[in-house]
Each structure stands twice: as C-alpha cells, then as structure tokens.
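Trainee: I am new to this structure. Can we go through how its residues get their labels?
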Amino acid sequence: MALDPVCGMEVDPESAAASSWVGAQVFYFCSDSCKRRFDASQSRSGLSNSPANTRPLDLLEMAPSSRRQPPEPPHAAGTATATLNIGGMHCASCVGRVEKALSGVPGVVRAAVDLTTRSASVTYDPSAASPEDLAAAVRNAGYEASPATADSSLERDDSADAAFWFRLIAAILLTLPVFVLEMFFMGWAPGRWLSLGFSAPVVFWAGWEFHRGAIASVRRRSADMNTLISVGTLTAFLYSFGVLLLSPAGHAVHTYFETAAVITTVILLGRALEARARGRASQAVRALMDLQPQTACLIRDGGEVRIPVERVFPGDILLVRPGERIPVDGVIVSGSSAIDESLLTGEAIPVERGEGDTVLGGTVNCQGAFTMRATRVGSETALQQIVRLVREAQAGKAPVQRLADRVSAVFVPAVIGVAILSALVWYVFGPAGSRDVMALTSFVSVLIIACPCALGLATPAAIIVGVGRGAERGVLIKGGEVLERCGRITTVVLDKTGTLTTGKPQVAEIHPVAGGRDHLLRLAAAAEKRSEHPLAVAIVETAASEGLSIPDPEEFRSVAGSGVLARVEEREVLVGSPAFIAASGIAVQDVRNRVDAVAAGGRTPILAAIDGRVAGVFGLSDSLRPEAPAAVRSLKAMGFRVLLATGDNRLAAESIAAEAGIKGVFAEASPAGKAEWIRDLQGRGEVVAMAGDGVNDAPALAQADVGIAIGAGADVAKEASDITLVGASLDGLVYALRLARATLRVIKQNLFFAFIYNTAAIPLAAGVFYPFTGWKLDPMVAALAMAASSVSVVTNSLRLRRFR
C-alpha cells in the first residue's frame with residue numbers, strides 16, 4: 001500500500017484514483033481533488049518541494065512494488081541540471097571564461113564552474129538547451145568538456161595521468177644538467193649549445209600544454225595563466241637562442257636557457273602537487289561513495305541470491321548478515337540488530353533497530369541477521385542524496401568569491417601591461433651594460449609570478465574540504481553562500497519538540513471531562529491515527545499499548561502545528577492545542593484550570609473535543625535531550641543569543657527552557673507565527689539561525705537566514721534547510737556552526753594570502769625596489785613562488801580535514 005501525500009490515506013497503487021510523477025518517483029492519490037492539490041503545489045514551488053499540507057516524510061514514501069523493471073517517468077517540466085567535466089582550466093580567469101560561455105547558451109539559468117574539481121554545474125531549460133549544447137559552448141571557448149559520470153571527477157583527482165607524469169619526470173631529468181651547466185660552467189662555450197639541446201624539449205614538449213593553451217587564448221582574444229607562462233618561457237628561451245646564434249664564435253654570452261627550463265619544470269611540479277592536494281580535498285565524497293555495497297542478498301522463492309545492488313528494486317526482500325553493510329534504504333521485516341550509522345550521522349554509538357524500523361544503505365549491521373524490505377534504491381537512497389548534496393555544495397560559490405572573479409577578469413591583461421612597462425623602463429633607464437638583462441628578467445618575472453592560480457583556488461578548496469568534513473560527521477552544508485551567512489549569525493532559535501527534547505513524548509496523564517477514560521482515549525487515538533506529529537504518535541501508541549481497538553477515521557484533516565479534525569464512527573472529533581480547540585468555536589473555560597495545572601507541571605496540554613464539547617485533557621511529557629544544556633552553553637559561549645520557539649503552552653515551554661538554560665521563549669506559536677516572529681527579529685537587526693526537526697518547521701526554516709534541519713535521517717534532502725543534520729544530537733548543531741565559522745575563516749585567509757601575494761610580488765618582480773635596496777626577483781624564484789602559492793592555499797584548506 002502507498003500513502004496519499006495530501007490526505008495521508010492508504011491507497012492501493014493498482015486501484016488508485018490518480019497518480020503523479022515527481023522526477024523518477026510516482027505518487028498515488030485517493031481522489032482527483034488530492035491530485036489537483038498536489039500538482040498545483042508542485043507547479044508553484046518546483047518539482048522537489050512539498051505541498052503546503054503534506055507531511056515531509058510522506059513525500060519520500062514509495063509504494064513497495066514487485067515490478068522487476070521500473071517504468072520510465074515522463075519528462076519533467078521546468079529546469080534540469082547537468083554536470084560537465086572541464087579540461088584545460090588552470091586559473092580563475094579560465095573559470096570566468098567558461099562561466100561566461102555557458103551563461104551565453106540560450107536557456108541556461110545558472111552556471112557555476114569549480115576550478116578545484118574541474119567541473120561545471122549548469123541549471124538550464126531542457127526545452128531550449130541540451131547537455132550537448134553546453135559542451136559545445138565550452139569547446140568553442142577553447143576548453144574541453146564531457147558529461148560527468150558518477151565518479152569521474154574523483155578519478156581525475158587521482159593525478160594518475162601516466163603521460164603527464166612521464167613529461168614531468170623527463171622535464172626534471174633534462175632540467176638538472178641545464179641548471180648545472182648554467183650555474184657552474186658559464187664560461188664553457190660548448191655548454192651553451194648543450195643547454196639549448198637539453199632545454200628545448202622541456203620548453204616545447206613537456207611545456208607544450210602551456211603553449212597550446214596560450215594559442216587557444218589568442219584565438220578567443222583573451223589571456224590567461226597559460227598566456228603568462230608561455231610568453232615568459234618563450235621570451236627567455238628565444239632571447240637566449242638569438243644571443244647564442246648571433247654572437248661571434250668563442251664570445252662569452254649570458255643565456256637564460258635554465259630560466260625557461262626551470263620555470264616549465266617547477267610549474268609542472270606545482271601542478272602535480274596541487275592535483276594531489278585537490279585529490280585529498282575530495283576524499284570525503286570518495287569515502288561516502290565507498291560506503292555503497294556492491295552486492296545484496298535477495299530472498300527469492302525461499303532461497304538466497306547474491307545480486308548487484310543496481311538490480312535491487314523497491315519491494316524486494318533482502319537478507320543482511322552481521323558485519324555487512326546494508327545495501328539500500330528499507331524497513332526491517334523480521335529480526336533486529338544494532339546498526340552503526342556513524343559514517344552517515346556522526347553518532348558513534350550503534351542504535352538498536354527492530355521490526356518496522358527504517359535502516360539506511362551504507363550503514364553497518366553490527367550484530368544479528370535480519371530481513372528488510374527495500375524502499376529506496378539507486379539515487380533515491382539517503383547515501384546517494386548525501387553525495388549529491390555534498391557535490392552540489394562543493395560546486396557552489398561563496399559571495400566573497402565574486403570579488404576574486406571580478407579581479408581575475410582584468411588581472412591577466414593588466415599583468416601583461418605591467419610586464420611590458422617594466423621591461424621598457426629598465427631597457428631605457430636601467431644600468432648601463434645590463435639594461436637588456438634587467439628588461440628581460442623583470443618582464444619574465446612579472447609574467448610568471450602573477451599567475452592567478454591561488455586566487456582561483458582560494459574559495460573552492462576551502463569549501464570542498466569544509467563541506468566534505470561536515471558530511472563525514474553527518475552535517476550537510478548547502479554551499480558557500482550558507483557558510484558566509486553563518487559567519488553573520490547573532491541569534492539561534494531552537495524548536496522544542498524533537499529538537500530540544502527527544503521528540504518521543506509519552507502520555508503522562510489523562511483527565512476525562514465527559515464519558516469514560518477508555519472511550520476518550522480510543523476516539524482521540526482514532527483521530528490522530530494518520531498524523532505523524534510526535535504528540536499524535538504518543539496518543540496512538542498509548543491506546544494501542546492498553547489494548548484498545550483503534551478505528552480508522554472516515555474523514556481526516558490536519559492543521560499544521562495545531563491539531564487534527566476527524567470523523568470517527570459518525571462523531572466529530574477534534575484533538576489539538578487549547579488555542580486550536582478554542583479557535584474552532586468550542587468553549588474551553590471549564591477546563592482552563594486543568595490545562596494550567598498540566599502545563600505548570602512541565603507537560604504539554606492537549607484537548608480532545610467530541611461533537612462540539614471538550615471531552616478530556618491529555619498531559620504529555622517529553623524529556624530534554626541529555627546534551628541540550630551543554631549545547632546551549634556552547635552556543636552562548638560562541639556569542640549567540642539562544643531562544644526557544646514552540647507551539648506548546650507557555651508554562652510548559654518555559655519549564656523546559658529553564659531546564660535547558662534558555663531565557664527567551666516564544667510559545668503557543670503556529671508554524672506561520674514562528675516565521676513571522678523570526679521576520680520580526682530580522683527587522684530588529686538580528687541574523688537568525690532556526691533549528692528544527694522539519695515537522696511543521698518549514699516556514700520558519702525558510703524565513704531564517706540559516707535554516708537547520710535536525711534529525712533528518714533518510715530525509716536528507718529537506719528543501720527548506722540550508723544545513724541538514726542527519727543525526728538528531730544537538731552536538732551536531734554546535735559542530736555545524738563551528739565548522740561553518742572555521743571554513744569561512746579559512747576562505748578569508750586564502751583570499752588574503754592570494755591578494756597579498758600578488759600585491760607584494762608584482763612590484764618586487766618589476767624591480768620597483770631595486771634602485772633603493774638592490775632587491776630583484778630571479779625568474780626561477782618567481783616560478784617557485786608562484787607554484788608554492790597555489791599549493792599553500794590548498795594545504796591551508798586541508799587543515800579543515802582535522803577539524804573536530
């Protein structure tokens with residue numbers, strides 16, 4: 001059976017009144033009206049958003065199916081996203097040109113290019129553009145492009161290109177004798193010709209990618225890092241070759257073959273080290289992908305068959321033995337075990353799971369064997385959703401990167417102008433007898449040291465490592481823009497049920513007003529039967545534990561954050577907060593004292609009304625999370641103002657807030673009221689982070705500057721949240737905000753180092769300080785410094801891998 005995502009009724013997929021596709025998933029409806037409401041909400045909010053009155057977990061339920069081949073979904077209207085592998089990018093200028101080329105394709109909504117992963121993420125209108133059009137635009141701009149596969153980007157980060165490493169090793173072996181000849185045998189005339197012979201293959205063969213890139217830049221009437229390196233090395237080599245060719249036989253001349261060879265080799269070596277570092281930065285995604293088992297044990301016709309995990313479909317029954325990784329998401333059918341979910345949730349202690357409990361693919365079965373029914377497979381599993389979210393976040397840009405992009409757009413042409421100007425100045429005004437040497441060295445040094453590699457790596461390197469480290473701890477951060485907003489947070493608002501508390505309330509007291517206790521509990525449980533709110537679940541479980549038969553409601557409607565209305569056995573039953581019952585036109589004055597007494601005891605009062613009269617008062621207790629007081633203290637120590645927002649009674653809310661160490665409370669709030677309250681805080685200058693469990697919190701999460709969904713479990717793709725915590729611990733919230741601050745700090749450090757490096761190095765390379773201090777920069781040292789700057793930026797970012 002499937003669940004209607006609008007009304008919550010169970011629907012047989014074979015006899016459903018209607019159905020709708022969302023992406024690769026089908027939803028079934030009890031009536032055409034439910035389908036119309038669902039489709040209308042999809043058109044308003046996009047393919048991945050939930051309808052206004054739909055429970056978040058319902059939208060991710062897929063009906064178990066015995067079909068061996070899933071049907072092909074129809075093409076979804078709206079936008080699509082394509083990921084391309086980009087070849088030939090080496091600096092921030094390249095990023096800008098590729099983004100400009102992609103943005104110029106008709107139908108492209110957004111294009112984000114990442115230098116660190118050498119990839120582009122493009123959102124486009126499928127009716128106006130195709131992935132082939134996008135790839136063609138990149139190729140026309142002078143770069144390589146191909147569709148990204150599931151792990152192709154990770155393969156590229158392995159730095160395992162045999163041809164590249166062969167060229168690098170050959171360049172090192174050929175450069176060493178050139179360096180020795182130029183340094184120690186300067187007066188030996190044959191040594192000049194030997195240097196020519198050794199350096200030529202280094203410059204024109206090992207360094208051919210620089211010249212090829214420069215030629216492509218000229219064709220598209222632009223300039224980039226390849227242009228600077230190519231012009232610099234060719235100038236040194238051709239100058240030396242000309243001097244050697246035109247000088248009289250036996251005449252001592254000074255050549256710069258070693259400069260051209262060393263620059264080429266050092267930059268190639270720097271790229272190798274940078275690629276290795278980038279590979280380490282992407283290890284988090286690789287580690288997540290490695291969690292996916294390759295096979296699963298399928299129960300078929302009473303026997304066991306080992307099949308590839310790609311052949312598992314929703315509804316299949318699988319056997320999981322002790323020590324094995326769970327192949328896909330599902331529900332335990334028989335058996336129980338302790339499941340190690342640490343690599344997904346960050347929580348080290350294994351959790352007990354039994355019949356009816358959800359288990360996640362990629363987690364480890366620690367003890368007993370059990371059978372499970374597959375519910376989500378392939379790209380729909382929590383693990384694959386996490387990988388997708390992490391990759392999307394890593395491809396995103398922080399707003400602070402826009403400054404670097406604007407600078408890079410004009411940087412390379414400006415550097416070429418500075419190099420020419422410095423060469424002319426030294427050639428005209430330089431010391432007699434060395435003007436040509438000073439002009440040449442300053443020209444080459446400026447070109448080489450000013451390559452904007454570090455500028456292009458500063459932000460993406462930090463984001464990749466920071467977001468990846470968060471994913472390892474069950475913290476999913478949706479990109480650089482979220483990181484930057486986290487750096488401005490002043491206030492953290494916590495929801496109560498399921499966030500500050502365990503989210504597993506129990507019925508502590510029942511006070512009938514009219515009729516017997518069992519009659520009241522039975523009808524209230526029937527009304528709450530189709531609700532997934534924790535308070536509703538507690539009432540239903542209490543009735544079931546007492547052996548009461550709970551009828552199905554003939555009609556059911558849920559009012560988010562307030563209560564439910566149902567028709568049970570021809571009687572109108574309302575269950576919800578006192579404010580909800582009063583707003584429904586039912587008198588509550590006669591039970592006001594009882595409600596206040598329940599709330600004064602720190603419990604949540606819930607009223608049940610039958611046929612327009614209050615029938616009883618329930619008191620539900622929900623214990624504070626053990627880590628909550630320490631987490632609140634940590635948040636305050638970080639400088640945050642901590643507040644509590646809840647739909648609960650004020651007395652109960654203030655009681656639990658005092659226990660947690662929170663002073664500010666906003667109680668008896670509807671979901672829309674929470675969002676309005678946050679908007680009011682923002683109007684007073686506060687930058688607000690809202691943390692909730694996603695049940696009725698979507699409006700507040702969306703309104704907050706940073707929305708944080710806690711305890712997502714399998715539902716990791718919560719659209720309203722900026723940060724999603726797979727686990728339910730408040731320690732994860734503290735860690736997420738600390739990690740966001742640390743990542744933003746590293747981004748700023750990287751950008752500072754990159755800007756300062758170029759600001760200080762270019763005047764030194766141009767010889768500005770030479771007349772006063774005698775300082776000048778050798779082109780070989782410039783090449784070493786340029787390579788070191790890129791490696792240092794990535795290495796600084798890698799420190800986040802050790803963040804705890």
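Mentor: Start with Glu570, in the loop between β22 (563–568) and β23 (571–576). Keep in mind that this is a predicted model.

Trainee: Why is Glu570 called exposed?

Mentor: Exposed means over 50% relative accessible area. Glu570 has 62% relative accessibility, so Glu570 counts as exposed. Its phi is near 65°, a positive value in a residue other than glycine.

Trainee: Where is Asp611, and what is its phi?

Mentor: Asp611 sits in the loop between β24 (604–610) and β25 (613–621). Its phi is positive, about 55°, although Asp611 is not a glycine.

Trainee: Why is Asp611 called partly exposed?

Mentor: Buried means under 20%, exposed over 50%, and partly exposed is in between. The relative accessible area of Asp611 is 40%, so Asp611 is partly exposed.

Trainee: Which residues are buried in helix α22 (residues 628–637)?

Mentor: Ala628, Ala631, Val632 and Leu635 are buried there. They cover an arc of only 100° around the axis, so they lie on the same side of α22.

Trainee: Which residues are exposed on the other side of α22?

Mentor: Arg633 and Ala637 are exposed there.

Trainee: What covers the buried residues of α22?

Mentor: The cover includes strands β19 (491–495) and β26 (641–645). It also includes helices α17 (496–500), α23 (650–660) and α26 (730–766).

Conventions: Residues numbered from 1 in each chain as written. Predicted model: local features only at pLDDT ≥ 70, side-chain atom pairs only at ≥ 80, totals over all residues. Heavy atoms only, no water. Helix = DSSP H or I, 4+ residues; strand = E, 2+ residues; numbered from the N terminus. Buried < 20%, exposed > 50% of the residue type's maximum accessible area, 1.4 Å probe, protein only. Arc of directions from axis to C-beta. Contact = heavy atoms within 4.5 Å.
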